[in-house]
Amino acid sequence: MEGDYPDLAFIDIETTGSHFDRDRITEIGIKTLSNNQTRVWERLINPQTFIPQNIQRLTGITPTMVQHQPSFEEIARELMQELEGKIFIAHNARFDYSFIKASFKRVGIEFKPKVLCTVKLSRLLFPEQSRHNLDTIIQTHRLQVSARHRALGDADLLFQFWQVCEAKFGRQRLNEAIGQLLGNPSLPPNIDKNLIDSIPDAPGCYIFYGENKVPLYIGKSISLRNRVMSHFQGALTQRKEMKLSMQIRDIDWIETSGELSALLLESRLIKERMPSMNVKLRRSKDLCGWSLIQDECGTLVPKLVSHHQLAPGLQDNLYGLFYSKREAHQYLKAIAKKYRLCEALLGLEKRIEGKSCFGYQVKQCTGACIGLTPLTTHNLQLKTALEFFKVQVWPYAGPIAIKDGDEMIVMDKWCYLGTAINHDEFYELAESGEAEFDLDIYKIVKKALSGPYKKQIIPINIESAISE
């Protein structure tokens, strides 16, 4: 009959924390609507793990209350029967669904219901509201609170909200809303489908924003829309993506002419805007590296080259590039351990003439410090170990332009000078030569020039351009 709903299950859970892999469910409350009849299902669950004090204060659920309750495994079949064939409805549904899906998976049950989020429903039907969290919905629609932050109490609030929507818009509109929202199950609750549709299927960078336009995450792709959607599709199984999805309030993007331009833009934007969920947030101001010098005994000794002495792209005897002195020393120690080099000869511990280093005593040094291994052998082993991390000297006579789509990326001595769209612009950029060395850009461009962009290089002869 037109206007009848499919079977609906309004669900809320309480848990020991926010990590669906590590934390566990302590309570499930369900209010189902089927053939105009409502039914209630409620269970306390023994999480078989610690319940943090702050969670106990919020929910009122204590270890004493759940210690004699069944585990999830014991109620799994009964819960599956309760939910089977029903639309799974929850507030910020990714959270509840992710926990229940993960719990079912642990006991060997596959759970793939249709999922409807009441945050999305509220945004769809009440777009004039600035917020759509459960407390706002309670206050705005004057819902009757029976037990806030308890599973059945909050599930009942969702059912009340559904009744408010039905009274205001009618069953037909609600069924249309179900169709609209189930047709876009992967979108975050605060993101409109029209915004996603407007993202181009082109190379570039995207920026996810949280409340008050605070940058959360910056990424790049050769297909912006597909990459953005992949974050949301992963939100049901990956905690990081779920956390990101629940915080997103807006999305912006910048198109580029190609993949290399997108990589360089991403590196710059991350350093400028410092998004909270990007792991790689490093600047190059404290860069340092190792050079090899030979002492009076003929021993090759690594010498730390500080940022002020660095000239990457010009120095042939330069290895590594590290973001701090601590990282540089950790790397050298790792090299010594792996290749059984002498830490005393490397300058990592005090050298006492005629005495072995500590590493030799614990069989981590082959004895170059006391002449058991020739210095020439030790020197060769050190150079071989460092060679993989040698900083490449700029292999061109001067600046170059790298063709990337319709634009030219202008580089000199591994430094990014800018992007040009014609010869006049890239000659101007090349002549300016104003740029600071950035380790991330060095790695990006070095890899690009040894791969797909190797045939896209255009050398720039500044003197010839000036004489013209």
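A search of the whole structure, which is a predicted model, finds 22 aromatic pairs, where rings of Phe, Tyr and Trp (its six-membered ring) pair if their centres lie within 6.5 Å, and planes under 30 degrees apart count as stacked, over 60 as edge-to-face and the rest as tilted. In this predicted model, local features need pLDDT of at least 70 and side-chain atom pairs count only at pLDDT 80 or more, while totals for chains, interfaces and linings use all residues. Residues are numbered from 1 along each chain as its sequence is written, and side-chain values use heavy atoms, with hydrogens and water left out.

**Aromatic rings**
- Phe 388 and Phe 389 form an edge-to-face pair, with 5.1 Å from centre to centre and 85° between the planes.
- Phe 388 counts as exposed because its relative accessibility is 70%, whereas Phe 389, at 35%, is partly exposed (buried means under 20% relative accessible area, exposed over 50%, partly exposed in between, with a 1.4 Å probe and protein chains only).
- Ring pairs also link Phe 72, Phe 88, Tyr 97, Phe 104 and Phe 111 into a cluster.

**The sheet**
- Five strands form an open sheet with mixed pairing, in the order S3-S2-S1-S4-S5; two strands pair if DSSP finds at least two bridges between them, and helices (H or I, at least four residues) and strands (E, at least two) are DSSP runs, numbered from the N terminus.
- Strand S3 (37–44) and strand S5 (115–117) stand at the edges with a single partner strand each, so one side of each is left without a neighbour in the sheet.
- Strand S1 (residues 8–15) pairs with strand S4 (residues 87–90) in the parallel sense over three bridges, and Ala 9 stands opposite Phe 88 in S4.
- Strand S2 (residues 25–34) runs antiparallel to S3, joined to it by eight bridges, and the bridge partner of Leu 33 in S3 is Thr 38.

**Helix H8 and Leu 181**
- Helix H8 (residues 171–182) lies across S1, S4 and S5, running at about 110° to S5 (axes are lines fitted to C-alpha atoms, for helices over the stretch in contact, and angles run from 0 to 180 degrees between N-to-C directions).
- Leu 181 is found in helix H8 and counts as buried, because its relative accessibility is 13%.
- Leaving aside its neighbours within four places in sequence, Leu 181 is in contact (heavy atoms within 4.5 Å) with Leu 116, Cys 117, Lys 120, Leu 121 and Leu 124.
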